[in-house]
Amino acid sequence: MEDVSAKFVSQKISRTRWRPLPAAALQPPDVFATGSWDNEDNRISIWSAGDLGNAGLNGEYHGEPHLLCDIQHNGDVMDMQFLDQERIVVASSTGTVTIFRHHQNNQTLSADHRWAKAHYHVDQDTSCGGAACTGVVCNNPEIVTVGEDGRINLFRADQKDAVRTIDNADSSTLHAVTFLRTTEILTVNSIGQLKIWDLRQQRNEPSQIFSLAGDRVPLHCVDRHPNQQHIVATGGQDGMLSIWDIRQGTMPVSLLNAHEAEMWEVHFHPSDPDHLFTCSEDGSLWHWDTSTNVSEKPSFLHQGGRSTAYLSHSTMNQSVVSAWLSNDPTKDRMEITNLIPNQTLSVNSLDVLGPCLVYGTDAEAIYVNRQLFA
Amino acid sequence: LCFPCCTHSPYSQAFLTPSSSRVFVVRRDQDIYIHTLRKLFNESHGIFMGLQRSEEELAGKSRKAQLVQVSKNYRSVIRACMEDMHQAAALKLGPAFLQVSILSAMELIWNLCEILFVEAATAGPLLLRLLDWVRLHVCDVDSMVREVLSSESPSKHKLFWNVVDVFVLQGRMDEARHLLSKEASANPASMNMYKILDDLMKKMPVPSLGNTQTLTELELKWQHWHEECQRYLQDGTFASNPHMESICKILLGDEDAILEKKELMTTWYHFLVTRLLYSHPTVKPMELRFYAQSSMDLFLGGESSPEPLDLILMAAFEFEMHQVIKECSIVLSNWWFVAHLTDLLDHCKLLQSHNLYFGSNMREFLLLEYASGLFSHHSLWQLGVDYFDHCPQFGRVYLELHIERVPLSTEQKALKVLRICEQRQMHEQVRSICKIMAMKALRNNRLGSALSWSIRAKDAAFATLISDRFLKDYCEKGCFSDLDLIDNLGPSMLLSDRLTFLGKYREFHRLYGEKRFAEAARLLLTLMTAHIAPCSFWMTLLTDALPLLEQKEVIFSAEQTYELMRCLEDLTAGNPDKQKFQDDDVETTKVEMLRLALARNLARVIVKEGTVEGS
């Protein structure tokens, strides 16, 4: 844990995201963005993770993250995703979706484009009619947002109005959205349903609905396996991690009792999907490792995730069926580690890219671990 | 160094601008809004929690070491905050100057309390700790020291002797000797004197941290050394060099000689420690008070009166912990310092005996005040929760009252507040929060959200309300809204009767749509006879039965038809006086049609059942 650098930033962090690396990049990621919440003056900030081994601005050895630039944001930052190297899409609790541009030459941020009433309630009794936009996902240039009003919006980065809006897509709050395929999205809501929407079709109905057996516990986050598109992971209000196979059945394949409180984010590692990360309101961040040969550390990951090299090494050991779907506990050992030794307040967000992990907490601190698999 | 509270009070602003008509935002606790101080609150919260959770079973030395480490952590947090403020001051962001000096004073006081109370240094190590303390905190001379040391030939610098004196006063013998050697090499005439002085300084006995010598041994050695110094002074060895002579006098603990260097010491507590170093190195903790009082009197010399900081330090030297806390509470504008310090002292078991007259003890009182202050902040309220948790007597009550007043602007924030309440079994608050959120959702027509909140609170009454809303919508529009919700209720259907009815009613529609008429009929009947359906809905149900009755194929058995008829009679018989009911054409037509359909069905089914045996 000596490789974790922490920084107290005087704002509660609701989202952290690594800036995506250019396609042929060899070095690990070093720039990330954070969004704050519950402040009178919320901010989007861009940070540099600091160089390992080099003395930074203050002569720090371990490269404490330092602020590059920030900008004021109206409302809590509910969700955030990088659209490309320079632009980041931010969802606000006021129902606004904004694209910010990071100008790297003079290290400033500016608001590029704004969709002001992307999410709203119709009733005039509520404060400004705005409903929080709870989730945003991008696949340049398309942007999909979901909100507390049960609405799904499809935007294009260059167009002023929404390309498509599905009103009342859900009678409850949609908590998160992710792309299943380029034309299909997955949403999760507060009555425990996972829905697939086909954007090619004009009808405003989901093409498939999955739900948990038993209590309809709200689902808060969803992520799809990077390589095997039928494997989906969701996290619920009771801290349970569910793995679904959407090719078959309407119920999850496995339910893993994880956290003691809401699971806020779940992420498959983008280049090494045998690793899954979850963070929760109970203050813990878990690393789920199903790589069958746990002792052999994938050292290839240091060089920016050369997945071809890794596959040739691993096909000898792994069967074709992903370890996530197999429910034979004796055969596959899953190693689960809590990466936070002294947990206090909620870990609201995490992001993982290459060998680097960044997470933010309600204790107003951000943590960067740049040697995740060492 | 410490500033009175009224500069932070909102009232002072009112006096400054009497004639303007403005709205003043009154804030309970001004300090918590200062940006750089937020780090202080967050980091110290982490340390506080660590302390509460640390093992109490560790006894003796290891526990003490643990507590000293906690104290050091707190201090390093204060120092980090001071550094940030310095940087902010450089960038001219915010009222930093005031805060830096206050923080510096806080760290000074805390450090002294750590030495005297937490670590409870004994005679011997006590002096060493006090020396460290002085060296760390009296920094006014640092720039002068740097200037001389970095000059080309330090011994020629006009402030050279001042710096040597500073080193001697702070007991930094090696550094003093090092500088003197430069002087000696530059001035060979005084080589003899230098050698003797250097020797004296080298030989000076100091307390050691380890147990290599007992106090008596030290005292003996020191006595010898003191006499040796005395001899050299009386022999006039240093007569030709007044600087060296004064150094020798200082080594002998001559108060006048030390007092001459007032400007180099800047504070009375520096004077105190220097005095102790050169006259009573084996001072015991309990003896400190006498020396402290006399040092302050001698140093201030009646010219200036003690400032609040001086009084606090004096109270510490006198081991009056409560006085220290009381004075700090009065002077500082925020409860942070006293709350955390008192908590630490309480963990050292130093405050047990003192109970305040209004019931709770001092630690709890201060923590409650501090946490209440946190709750008035839009964001730091989350830290306050943990502080209330560790106030055994009144913490829970305070928390219950405060948590209800946290504004719930988004669902996510409501979820966090709810989780806090659930973890502490605050059922009242859980119910109230869920009701608020469910009502909001209902008003926004988000029936699914409203249902999800009532499920969380296990609020049957609200679930009934939501179901009634669905049913009302159905009656008005003729079809169900939000089918994705009703079709997938699952076990939550059982939360309230009305909800169960809703689910089953929808199932009836589904069965009808799938043309599974017999099952649909059975279900419909169960809904009425098992009294799950609300009375107001019976008419609708009976009307739904009409198409089933009119089918070519006979669906309802004789028994079932009798049941239906009974239901209809119950319904119409229950309202004999209702003029409206009878005058309403639509209603009467419906009833008549039903009666006709039921009669026809009965006829058919009797024939059918009578004809084929047991079918």
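Is Gln230(B) buried, exposed or partly exposed? Gln230(B) is partly exposed, with a relative accessible area of 30% (buried is under 20%, exposed over 50%, partly exposed in between; 1.4 Å probe, protein chains only).

The model is predicted: local features need pLDDT of at least 70, side-chain atom pairs count only at pLDDT 80 or more, and totals for chains, interfaces and linings use all residues. Residues are numbered from 1 along each chain as its sequence is written, chains are lettered from A in the order in which they are written, and side-chain values use heavy atoms, without hydrogens and water.

**View 1. Gln230(B) in helix α10 of chain B.** Helix α10 covers residues 215-234 (helices are DSSP runs of H or I, at least four residues, numbered from the N terminus).

**View 2. The contact between chain B and chain A.** Chain B gives 40 residues and chain A gives 53 (contact: heavy atoms within 4.5 Å). About 3900 Å² is buried between the chains, 43% of it from carbon and sulfur atoms (accessible area, 1.4 Å probe, lost on putting the two parts together, summed over both).

**View 3. Salt bridge between Arg419(B) and Glu262(A).** The side chains meet at 2.9 Å, N to O (a salt bridge is a side-chain nitrogen of Lys or Arg within 4 Å of a carboxyl oxygen of Asp or Glu). Between chain B and chain A the count is 6 salt bridges. Elements giving two or more residues to the chain B side include α2 (37-53) and α22 (411-423). The largest share, 7 residues, comes from α2(B).
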